[in-house]
Amino acid sequence: MEIKLVNIGFGNIVAANRIVAIVSPESAPIKRIIQEAREKGSLIDATYGRRTRAVIIVDSGHIILSAVQPETVANRLSVKESSQNDEA
């Protein structure tokens with residue numbers, strides 16, 4: 001089994017097959033999810049002090065904050081998948 005990785009900004013990398021959702025942090029429910037994860041200790045802040053632009057939810061229940069736009073992360077993910085398909 002091959003592990004696919006996706007860059008979420010500033011050299012931080014996440015296992016692509018563990019990602020459940022990539023969402024914008026603007027809505028109240030997402031802000032609530034972030035706060036609950038912070039309180040539980042399952043929040044991973046990969047923004048390096050910059051503004052949060054994407055919230056990545058993984059299957060382990062962890063919430064990852066990224067300073068990269070959700071569309072950018074999704075594009076990097078789809079480029080990885082298409083390059084993997086080309087090699088097969």
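User: Asp59, is that one buried, partly exposed or exposed?
Analyst: In this predicted model, Asp59 has a relative accessible area of 45% and is therefore partly exposed, because that class runs between the 20% limit for buried and the 50% limit for exposed.

User: And what does Asp59 form a salt bridge with?
Analyst: Its partner is Arg18, and the closest N and O atoms of the two residues are 2.6 Å apart. The pair links distant parts of the chain, with Arg18 in the loop between β2 (12-15) and β3 (19-23) and Asp59 in the loop between β5 (54-58) and β6 (63-66), 41 residues apart.

User: How accessible is Arg18, then?
Analyst: Arg18 has a relative accessibility of 38%, so Arg18 counts as partly exposed.

User: How many salt bridges are there in the whole structure?
Analyst: A search of the whole structure finds two. Besides the bridge between Arg18 and Asp59, there is one in which the side chains of Glu26 and Arg51 meet, at 3.5 Å from N to O.

User: Where do Glu26 and Arg51 lie?
Analyst: Glu26 is in the loop between β3 and α1 (28-40), while Arg51 is in the loop between β4 (43-46) and β5, so this pair ties together parts that are 25 residues apart in sequence. Glu26 itself counts as partly exposed, at 48% relative accessibility.

User: Switching to rings: how many aromatic pairs does the structure hold?
Analyst: The structure holds one aromatic pair. It is made by Phe10 and Tyr48, whose ring centres are 5.2 Å apart and whose planes stand at 35°, so the pair is tilted.

User: Why tilted rather than stacked?
Analyst: Because the planes are at 35°, and stacked would need planes under 30 degrees apart, whereas edge-to-face would need over 60.

User: Where in the chain are those two, and how exposed is each?
Analyst: Phe10 sits in the loop between β1 (5-9) and β2, and Tyr48 in the loop between β4 and β5, 38 residues apart, which makes this a link between distant parts of the chain. Phe10 is partly exposed, with a relative accessible area of 40%, whereas Tyr48 counts as exposed at 55% relative accessibility.

User: Last one, Pro70: where is it, and is it buried or exposed?
Analyst: Pro70 has its place in helix α2, which covers residues 70-87, and Pro70 is buried, with a relative accessible area of 12%.

User: What does Pro70 touch?
Analyst: Leaving aside residues up to four places away in sequence, Pro70 touches Ile22, Val23, Ser24, Arg53 and Ala54. For Arg53, which is 17 residues apart from Pro70 along the chain, the C-alpha atoms of the two are separated by 6.9 Å.

Methods:
Residues are numbered from 1 along each chain as its sequence is written. This is a predicted model: local features need pLDDT of at least 70, side-chain atom pairs count only at pLDDT 80 or more; totals for chains, interfaces and linings use all residues. Side-chain values use heavy atoms; hydrogens and water are left out. Helices (H or I, at least four residues) and strands (E, at least two) are DSSP runs, numbered from the N terminus. Buried means under 20% relative accessible area, exposed over 50%, partly exposed in between (1.4 Å probe, protein chains only). Contact means heavy atoms within 4.5 Å. A salt bridge is a side-chain nitrogen of Lys or Arg within 4 Å of a carboxyl oxygen of Asp or Glu. Rings of Phe, Tyr and Trp (its six-membered ring) pair if their centres lie within 6.5 Å; planes under 30 degrees apart count as stacked, over 60 as edge-to-face and the rest as tilted.
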